[in-house]
Amino acid sequence: MLMNHFWFLDHAWLIPLIPAISYAVILLFGKRYGERAAWIGLASIGSAWVLALGTVVQWISHVNDSEGAEARGVVQSIGGMVRNIRLAAESKLHVEPIIHSTTWFQNNGFKLNVGIQIDGLAVMMLFVVTTISLLVHFYSTEYLKGDRRFNHYYAALSLFSASMLFLVVASSTLQLLAGWELVGLCSFMLIGHWWEEKPNSNAALKAFLTTRTGDIGLLTGVIMTFFVVQKYATMAGGKGTGSFDIMKVNEAAIGLGEHGGSKSLLFWCAAALLLAIMGKSGQFPLHTWLPDAMAGPTPVSALIHAATMVVAGVYLGARVYPIFYQGFHIAGGTINPMAAIGGATVIIGAGLAFVQNDIKKVLAYSTISQLGYMVMALGVGAWTAAIFHLFTHAFFKANLFLGAGSVSHSGANHSFDMKHDMGGLRKYMPKTFITFMIGTAALIGIPFTAGFFSKDEILAVAGENNFTFFKYLGLVGAVMTACYMTRCVYLTFFGEYRGGHADAHGAGHDVGHDVGHDTHAYVSDDHATPIHDDHAAHAAHDLHDAHDDHGHHGPHESNFPILAPLFFLSFMSIASGYLLSPMLKIEKFALWVEPHFGDDKHFNVFEPGVFKAIDPILAVAAGVVGMLLAYAFYWKKAYGENITERNGALRAGKNFLVNKYYLDVLYTDIIVGGVKGPIAQAAYWVNQNVIDNVLRYTGKGAAGAAQFVYKYIDQKGVDGVYNGSASGAGALGGLARKLQTGRVQLYAFTVLFGLGAIALLLVIFN
Amino acid sequence: MAHGFDAWILTLTTFTPIVGLALVLLIPKVEEELIKLVTLLTTLVTLGFSLYVLKNFDFDHTAKLQFEVKKTWIEVINSNYHIGVDGISLPMLVLSAFITVLCVIYSWNHFPEPHNVKAFLALILLLEVGMNGTFIAQDLILFFIFFEIVLLPMYFMIGVWGGPNREYASIKFFLFTLFGSALMLLSFLAIFFKVKNGQGLHTFDIPELIAAGKGGITHGVQLIIFGGMFIGFAIKVPMFPFHTWLPDAHTEAPTVGSVLLAAILLKLGTYGFIRIALPILPEAAKSWAPWIGLLAVIGIIYGALGCLAQTDMKRLIAFSSVSHMGYVMLGIASLTSFGINAAVFGMVAHGLITGMLFFIAGSVQHTFHTREMSRLGGLLTQAPKMGWILGFCAMASLGLPGLAGFWGEFPAILSVFKPADGLSLPVFRTYMVIAAIGTVLAAGYLLWMLQKVAFGTPKDEWKDTHVHDVGPQEWMAWLPLLLLIVVLGVVPGLMFKTTDGAVKQMVDKAFPTKVEKGVAEKQPEAKSPAIYVKHLGR
């Protein structure tokens with residue numbers, strides 16, 4: 001048989017390789033094929049998807065084989081208190097990852113390995129990344145039709161997928177770092193896809209520089225993983241060779257933690273890597289790049305928010321979880337930096353989603369908030385729940401983003417402004433409406449959608465692990481999520497259509513819109529206020545779609561390439577939840593994805609939560625409260641129109657939110673502006689006026705001294721002596737003339753000779 | 001010692017340009033095409049010789065001096081014509097021969113004013129003698145002479161073919177370097193008088209000096225002697241605060257001059273540290289290391305800030321050299337084989353990447369007659385290929401993994417987490433964090449440059465200008481560099497394999513790691529390796 005039971009798992013390295021080749025092909029030969037180049041990308045990601053499916057199937061059968069009939073029986077009967085029995089029982093047989101690696105290079109006895117580490121976690125991510133990427137590729141054939149750089153777009157998409165897949169299969173932390181940076185590069189390329197307009201390139205720069213700030217942590221953290229291994233090896237009595245291999249890193253982290261080894265090294269390593277996660281996964285306070293990243297084409301936003309880029313951070317957290325678990329004492333059940341950052345992000349992101357008028361920005365802030373849930377889950381020891389939420393979130397968030405794209409593309413003249421260009425669209429685009437509602441339901445956590453199961457799981461395990469505070473924080477987040485999504489749906493799909501020619505903006509709206517925004521785009525600068533940003537983004541889209549033949553018709557339903565991904569994602573927004581639910585006694589997801597971190601007898605964080613009826617009831621109540629609040633506030637206008645304008649306290653609160661907690665002012669104007677402006681200028685001033693002047697004055701001093709020597713000593717003193725003595729003057733005069741001929745080399749020689757003499761003296765008298 | 005043709009090959013690699021120089025001088029000035037052809041052939045032959053060295057180099061014994069020749073030269077001071085290459089000098093020698101060829105190709109139709117092809121190319125050939133010679137010299141006097149030969153051609157290149165402020169820049173360059181050389185020579189002489197080789201003779205021979213150890217010099221004097229060398233080499237690198245000649249020299253120099261300056265000349269300084277200062281005076285190096293590290297990280301941050309303040313594209317790239325060479329010096333300051341391997345890698349990577357950036361800056365100036373970034377913009381629309389190459393080089397320069405720059409930066413930062421025994425951990429770990437912050441600033445200035453130059457739409461003054469995208473000569477000069485940036489980024493082992501043995505031998509001798517008592521050499525793994533690579537039953 002050509003393909004044995006491990007063929008797909010053993011050959012998982014093909015999955016990143018295929019899109020990488022596609023990138024090169026499209027970039028080099030894409031021009032020849034015009035828009036047909038998209039099919040190269042589609043074919044490549046399609047094959048990667050098939051291979052990923054293969055790994056899923058083989059991994060699941062591998063797990064089932066390994067577990068054996070007995071173990072499987074136990075697992076499937078788990079529920080309620082049975083779990084505790086299992087915990088107490090002997091440590092369960094773990095399914096070991098499949099690792100194939102080769103030496104990348106060798107340096108002083110240290111080997112850097114590069115290869116693949118395939119386990120449940122990696123397989124799950126391979127599936128998610130290839131699936132979302134495939135849908136985005138397909139969706140973009142329609143959405144980006146006629147784009148000015150269609151080929152480049154597809155080339156970048158291919159590279160983006162390849163980098164993320166490379167990161168996913170990485171077997172060493174350094175390889176992970178490489179994938180991580182490449183993902184950052186690709187998001188830079190795609191966010192800045194329409195780089196003719198300054199706001200877009202600003203957004204791209206902001207994304208790159210903010211995540212790069214987090215990468216200070218990644219660089220130092222990855223370096224420390226190397227020394228964690230070294231330390232552990234030394235402790236065990238060996239010579240102490242460091243390593244970047246993920247398996248060794250995890251094992252060393254567990255070992256150091258268990259045996260009371262260097263806790264401070266683990267803590268700093270965890271702290272550094274947390275900084276990296278904050279940058280990449282948009283955690284407070286490094287989240288500000290994520291909403292600006294909406295400047296890129298919408299399908300890219302879906303890809304960034306669902307499957308690549310931002311989940312890379314959470315993936316890193318899950319991959320080297322023992323470092324965080326031991327470094328932050330997560331088992332202790334007290335507050336720790338990871339849970340705190342995640343928890344804060346849940347609330348802070350959700351708060352910002354309330355005041356956005358741009359539909360994509362609502363979704364962007366909701367992503368920040370949901371990523372907060374994932375990081376918080378990791379911080380409270382709910383590993384499986386975090387990964388499960390990553391899994392379900394990928395589908396419903398991609399669904400929502402692509403839905404927003406559909407609305408904008410076909411319903412709102414390429415605008416994303418809910419207040420001015422949308423409203424009442426459910427009548428015009430019923431299919432998009434239904435898919436968007438399903439995505440919203442999953443995000444809010446309506447019972448029996450995917451988000452319901454995954455969010456509940458996080459809250460349940462948080463409670464179980466004695467992180468009660470974070471459990472309630474999560475519930476507050478759930479209220480807010482329900483509230484802002486209801487507002488978003490209301491503004492987009494209900495009420496009267498306000499876009500195009502149908503509303504009070506009048507017939508001149510479109511023209512005014514375009515021209516006005518055009519100028520905005522070109523005069524805009526580092527000082528982009530939120531609204532300004534939106535406008536600039538419009539201009540970009542308007543420009544880009546100038547030749548789009550149906551751009552300025554009334555709102556209508558999108559066509560097949562856009563709708564098909566939406567249908568599939570809607571299905572997954574519900575179905576993906578049924579892989580893990582203590583309530584329904586399903587634990588398949590935990591079983592399949594659970595990784596093996598090495599010696600983890602005392603390290604068990606993969607158990608699904610215990611079902612308690614109160615948890616879903618609380619969560620549903622939170623959702624209902626949120627929706628009712630939004631219904632009363634926005635829909636029925638229970639407090640009348642514009643309450644935020646009339647009430648001082650509310651107005652101040654809203655302004656605070658509209659200004660994004662003034663973080664952008666702090667970063668863009670104060671920190672970046674400061675470094676770029678006064679600090680850099682000051683350093684340069686010092687360079688030109690202080691350091692250079694030392695030289696200048698030394699030179700002047702030397703020249704002055706030379707003048708003095710020449711005038712008073714040579715001409716008057718020495719020469720005087722010479723002149724006074726008639727004999728021998730001719731010979732010496734000739735020598736003196738030679739010394740004064742002004743030839744640089746001769747002087748140089750003299751200097752060197754003199755210095756040589758000093759050296760001799762130094763040596764002799766020493 | 002090498003025999004037969006192998007004994008001649010390094011001499012040929014170094015002095016072939018002299019032959020070419022003589023031919024060029026014989027050709028009348030008006031025969032420009034012939035002059036170009038002769039120069040190109042000379043540099044190609046030289047490159048061929050260096051590739052012969054590369055091909056026949058024994059990569060299993062990179063620590064050993066190969067193609068070694070030792071002939072009596074100046075008997076009275078016991079200075080010999082002692083040449084040879086090991087794993088550290090080989091990459092630099094090949095890089096030097098390689099970059100020179102590309103510079104000649106690029107010059108083909110990019111001669112700066114006042115033209116004068118004959119003189120310009122003659123100077124390049126003379127420069128190559130000095131550069132190649134420095135990397136093969138195994139005798140301090142020989143090293144010094146080659147080191148100084150480099151000075152004059154570059155002085156004239158800046159002073160004659162330079163920009164508006166060329167006189168100031170060229171004199172500054174000359175005086176700075178000369179000052180450093182003087183102190184360096186002073187140190188060489190002090191070592192000569194202080195150390196005796198195995199036969200009880202004073203010597204300038206580098207391997208003999210290394211073998212002789214510190215030779216009874218007291219610590220205080222070692223520190224002073226090292227200080228002299230330090231200033232000599234640090235000026236060449238250039239390290240903060242001796243760097244101020246560099247931005248001026250780079251800004252005013254003709255494109256090819258900038259490329260050679262960045263790619264090779266700066267490396268003479270770092271090479272000097274690795275080849276001479278560290279192994280001959282290891283104790284002093286250890287005392288100096290924290291200060292070298294301090295100046296290196298100051299240079300990293302300071303150079304980056306200097307970049308952010310620039311409006312001139314070429315001056316920005318020049319300041320970026322200060323920052324990047326900071327990483328190289330930081331790796332050296334760690335006194336570990338990891339750090340020094342990274343330093344040599346960083347030297348080559350910076351040569352390729354920054355050389356490439358200067359080429360682009362040159363072509364931008366050639367096209368638009370300005371390098372003011374506020375007047376540029378939209379390069380990607382007017383000359384998309386050049387824009388892409390600029391973006392590529394910016395990414396390489398900011399240390400993107402998978403491109404060459406990363407492998408100079410990351411291991412250097414890693415090495416200072418655990419510097420050589422006896423160096424302060426808190427101090428060096430602080431340096432590590434500062435160096436990591438430097439990578440963000442690097443991304444900042446490079447991407448801002450990219451944004452200003454390549455993104456956006458062309459400014460009104462260039463709207464109707466017909467812009468030539470990358471032409472055939474440019475492709476010929478640039479493509480090898482671009483390919484090498486990728487190849488070394490993807491297969492860094494090519495370089496590390498070459499340098500590792502030589503570096504390890506040097507470090508093991510100079511900065512031995514104390515073996516803790518009672519720690520067994522065996523039991524290298526904490527656990528059985530079986531779980532790492534699973535052999536699955538089929």
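Two strands pair if DSSP finds at least two bridges between them. With that in hand, here are my notes on this predicted model.

1. Strand β1 (residues 66-74) and strand β2 (residues 79-85) of chain B run antiparallel to each other and pair over six bridges.

2. Four residues sit between β1(B) and β2(B). Asn78(B) belongs to this loop, and it has a positive phi of about 55° despite not being a glycine.

3. **α2 against α3 in chain B.** Helix α2 (residues 32-56) and helix α3 (residues 89-107) of chain B pack at about 160°, and their axes are 9 Å apart. Angles over 145 degrees count as roughly antiparallel, so that is the label for α2(B) and α3(B). Their crossing is left-handed. On the α2(B) side the contact is made by Thr39(B), Leu40(B), Thr43(B), Leu44(B), Thr46(B), Leu47(B), Ser50(B), Val53(B) and Leu54(B). From α3(B) come Leu90(B), Leu93(B), Val94(B), Ala97(B), Phe98(B), Thr100(B), Val101(B) and Val104(B). By class, that makes twelve nonpolar, five polar and no charged residues.

4. Ile235(B) is part of helix α9 (residues 219-236) of chain B. Its C-beta has 22 neighbours inside 10 Å, so Ile235(B) counts as buried. Which residues does Ile235(B) touch, leaving out those up to four places away in sequence? They are Phe176(B), Thr177(B), Gly180(B) and Phe242(B). For a sense of scale, Ala122(B) is 113 residues from Ile235(B) in sequence and 26 Å from it in space, C-alpha to C-alpha. There is also a cis peptide bond between Val237(B) and Pro238(B), with omega about -10°. Pro238(B) lies in the loop between α9 and α10 (245-252) of chain B.

5. **Chain A overall.** Chain A has 31 helices and two strands. Of its 766 residues, 55% are buried. Taking contacts in chain A between residues at least 6 apart in sequence, 78% join residues at least 24 apart.

6. **α5 alongside α17 in chain A.** Helix α5 (residues 120-143) and helix α17 (residues 383-411) of chain A pack at an angle of about 5°, with 11 Å between their axes. Anything under 35 degrees counts as roughly parallel, so α5(A) and α17(A) get that description. The α5(A) side of the contact consists of Leu121(A), Met124(A), Val128(A), Ile132(A), Leu135(A), Tyr139(A) and Tyr143(A). The α17(A) side is Ile387(A), Phe391(A), Ala394(A), Ala398(A), Leu402(A), Gly405(A) and His409(A). Sorted by class, the contact has twelve nonpolar residues, two polar and no charged.

7. **α8 across α9 in chain A.** Helix α8 (residues 198-235) and helix α9 (residues 246-258) of chain A pack at about 60°, and their axes are 8 Å apart. That angle makes α8(A) and α9(A) oblique to each other, and the crossing is left-handed. Thr225(A), Val228(A), Val229(A), Lys231(A) and Tyr232(A) of α8(A) meet Lys248(A), Val249(A), Ala252(A), Ala253(A), Gly255(A) and Leu256(A) of α9(A). This contact has seven nonpolar, two polar and two charged residues.

8. The peptide bond from Phe284(A) to Pro285(A) is cis, with omega near 5°. Pro285(A) is in the loop between α10 (263-280) and α11 (289-292) of chain A. Then have a look at Met309(A), a residue other than glycine with a positive phi near 45°. Where is Met309(A) found? In the loop between α12 (298-306) and α13 (310-319) of chain A. Met309(A) has 28 C-beta neighbours inside 10 Å and therefore counts as buried.

Conventions:
Residues are numbered from 1 along each chain as its sequence is written. Chains are lettered from A and ligands numbered from 1 in the order in which they are written. This is a predicted model: local features need pLDDT of at least 70, side-chain atom pairs count only at pLDDT 80 or more; totals for chains, interfaces and linings use all residues. Axes are lines fitted to C-alpha atoms, for helices over the stretch in contact, and angles run from 0 to 180 degrees between N-to-C directions. Angles under 35 degrees count as roughly parallel, over 145 as roughly antiparallel, 65 to 115 as roughly perpendicular and the rest as oblique. Two residues are in contact if their C-beta atoms, placed from the backbone, lie within 7 Å. Ala, Val, Leu, Ile, Met, Phe, Trp, Tyr, Cys and Pro count as nonpolar, Asp, Glu, Lys and Arg as charged, and the others, Gly among them, as polar. A crossing is left-handed if the near helix is turned anticlockwise from the far one by less than a right angle, and right-handed if clockwise. A residue is buried if 20 or more other C-beta atoms lie within 10 Å of its own, exposed if 12 or fewer, and partly exposed in between; C-beta atoms are placed from the backbone.
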